Amino acid sequence: MVKLLLGIVILANAANLSFISFSTFRYGGAIDPFAHTIVLMAIVIEAFVTAVGLAMILNAYRHYRTLDVRKLRKLRW
Amino acid sequence: MFTPVLDSILFFMVSLPIVGWLAQKIGLNRIRDVYAILGFMLSGYALIGLYEEVSKSRIILIKIATFGPPLGACLVIDTLSIFMAFTFLLLSIFVSVYSVRYMEHETRVTEYYALFLGMVAGMIGVVFAGDFFTFFIFWELMCVTSYVLVAFRKELWAPIEAAFKYLIMSTFGSVTIFFAMSFLYGMVGTLNFAHLATSIRTVTPNYWLYLTIAMIVVGFGIKAAIVPFHTWLPDAHPEAPSSVSALLSGILIACGIYGLSRILILIFNPAQFQWGILVAILSVITMTIGNFMALLQSDVKRLLAYSSIAHIGYILVGVAVATETGLGGAFLHVFNHSLMKGLAFLCAGAFIHQAGTRKLNELAGIGRRMPISAFVFCVALLALLGVPSLNGFISKLILVKAAIEANASILAIVLVINSVFSAAYYLRIMQIIMLASPARKIAKVKEAPLAMVIPMCMMALLIVFFGVYPEPVTVFAEKTASAILNVQEFIKLVY
């Protein structure tokens, strides 16, 4: 489960990196402050999503006694 | 700062924990409930003032920072935003009154109300946003509070499992939207909707733009539960407390529809990019799968969750044709669906609150024990089915008319067939609830408390009222459709 959450974090970092690379491309080396602010805010948002996710993983561990996401399959159909 | 509507809700959200703590000290827990309801009422009052302002000038721009567009954040409020905010606040007021008794045996009710206010603030922010970045921040506010609300009963395993699934899928959707934002930024250099629209509406489509459209459809599709991305919904909606499921099903998935239609119509010109076919195919799959899966369920709330998926399919028909009638029908159906599905979930919540079960065969004959709740439940189900003289019929009729007018008769035919097909499960629940002989387990069940029955009855009255006399909302919905299609005015205002 933790790896699943880290996958999401990496995906978000890819988006941030894409913002930064596009901003340097536009202004020939200098970073556009607009992209800078967006990436900073996005990092904060990612952080709180991750915090909620970790809290949920903690609760899931208390119920299932495992961190294997394949064991979380009681809900079907 | 963000218009009085949003400011009052955000203020109440931040101050509610303090009020809840003080109320607990005094020993009058009801204060926090009243305080939350007051927050919604105040915001609704502010919305009336804003509506008058918007109906005068059709569209208004509010700068958040000292410098405005293209780089500064801004809010752009048109009739569509007002219509959506009205839908959200109407359902929220009913649900908050209902929650007073429904949540009284829970611990952490203060947190519940704070998160509830936060979710509605996020949704209103989403519909008011005038640039992609403001949109994204409010979108995440809405998402994160809804994850916590789904996992509210954390002492049970099922809500945690459902919420974890929801968190992973929905966050993936949000990040996909964020990635699409980075592409749009790379192409245009700003994230303001109007500036993106002027730059992208006129160019010839290329692979990058098609990739961006695909990412936007995936991102909003996950939130709106369009079929290949719907798997979180049938888990998350039933496992949340019923008042939260009413909100999730009634208005949260409507935000996905709003985002999809607003961004696709404003930035990607339907005539040039031809995304209508994609949305049409998705709508056919969505309504068919939703109806088929609903037929197989034995759990009331899970059945209603699948029926929400089917209704998202109906709404997408209107978005796919992207004409004025189609969008008017789609947004009218969003409004009607919020009332109908909200009421159905609140009634299911009343059954669960009184009888302690949500299996259909254990609820058999509960209509004899809880006549009022069961009666309004039947009103909601008949409206969902689309019986004439109830509000669901009007919007479905407009959607069928729009599909035929836009030479997409196949969509109209599929919609009507699905609508008839859905009678199978709606009538089955009604037969079980009303006509079957009561099971022994529910022999001592009593009618729900008055504070829960009153909002339910008022919603049922509104359903009948808008079914018999639909002019006020149909005219409003037509205005919203012309507002969303009037792209030039939107652009001219911001420039």
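Analyst: In this predicted model, the part to examine is a helix pair in chain B: the axes of helix α3 (residues 79-102) and helix α10 (residues 242-267) come within 9 Å and cross at roughly 170°. An angle over 145 degrees counts as roughly antiparallel. Therefore α3(B) and α10(B) are roughly antiparallel to each other. Their crossing is left-handed.

The residues that form this contact can be listed helix by helix. From α3(B) come B:M84, B:T87, B:F88, B:L91, B:V95, B:Y98, B:S99 and B:Y102. From α10(B) come B:S242, B:S243, B:A246, B:L247, B:G250, B:I251, B:A254 and B:Y258. Sorted by class, the contact between α3(B) and α10(B) holds eleven nonpolar and five polar residues, and no charged ones.

Two loop residues of chain B also deserve attention. B:R108 is placed in the loop between α3 and α4 (109-128) of chain B. Its phi is near 60°, which is a positive value in a residue other than glycine. B:Q274 lies in the loop between α11 (270-273) and α12 (276-295) of chain B. B:Q274, which is not a glycine either, has a positive phi of about 55°. With 13 other C-beta atoms within 10 Å, B:Q274 is likewise partly exposed.

Chain B also touches chain A, and that contact takes 27 residues from chain A and 29 residues from chain B. On the side of chain A, the elements that give two or more residues are α1 (2-26) and α2 (33-64). The largest share of that side, 14 residues, comes from α2(A). By class, the residues on the chain A side divide into 21 nonpolar, four polar and two charged.

Chain A itself contains two helices and zero strands. Along its principal axes, its C-alpha trace spans about 55 × 20 × 20 Å. The radius of gyration of chain A is 17 Å, whereas a compact globule of 77 residues would have one near 11 Å. Buried residues make up 23% of the 77 residues in chain A. Of the contacts in chain A with a separation of 6 or more, 50% join residues 24 or more positions apart.

Terms used
Residues are numbered from 1 along each chain as its sequence is written. Chains are lettered from A and ligands numbered from 1 in the order in which they are written. This is a predicted model: local features need pLDDT of at least 70, side-chain atom pairs count only at pLDDT 80 or more; totals for chains, interfaces and linings use all residues. Axes are lines fitted to C-alpha atoms, for helices over the stretch in contact, and angles run from 0 to 180 degrees between N-to-C directions. Helices (H or I, at least four residues) and strands (E, at least two) are DSSP runs, numbered from the N terminus. Angles under 35 degrees count as roughly parallel, over 145 as roughly antiparallel, 65 to 115 as roughly perpendicular and the rest as oblique. A crossing is left-handed if the near helix is turned anticlockwise from the far one by less than a right angle, and right-handed if clockwise. Two residues are in contact if their C-beta atoms, placed from the backbone, lie within 7 Å. Ala, Val, Leu, Ile, Met, Phe, Trp, Tyr, Cys and Pro count as nonpolar, Asp, Glu, Lys and Arg as charged, and the others, Gly among them, as polar. The radius of gyration is taken over C-alpha atoms; the globule rule is 2.2 Å times the number of residues to the power 0.38. A residue is buried if 20 or more other C-beta atoms lie within 10 Å of its own, exposed if 12 or fewer, and partly exposed in between; C-beta atoms are placed from the backbone.
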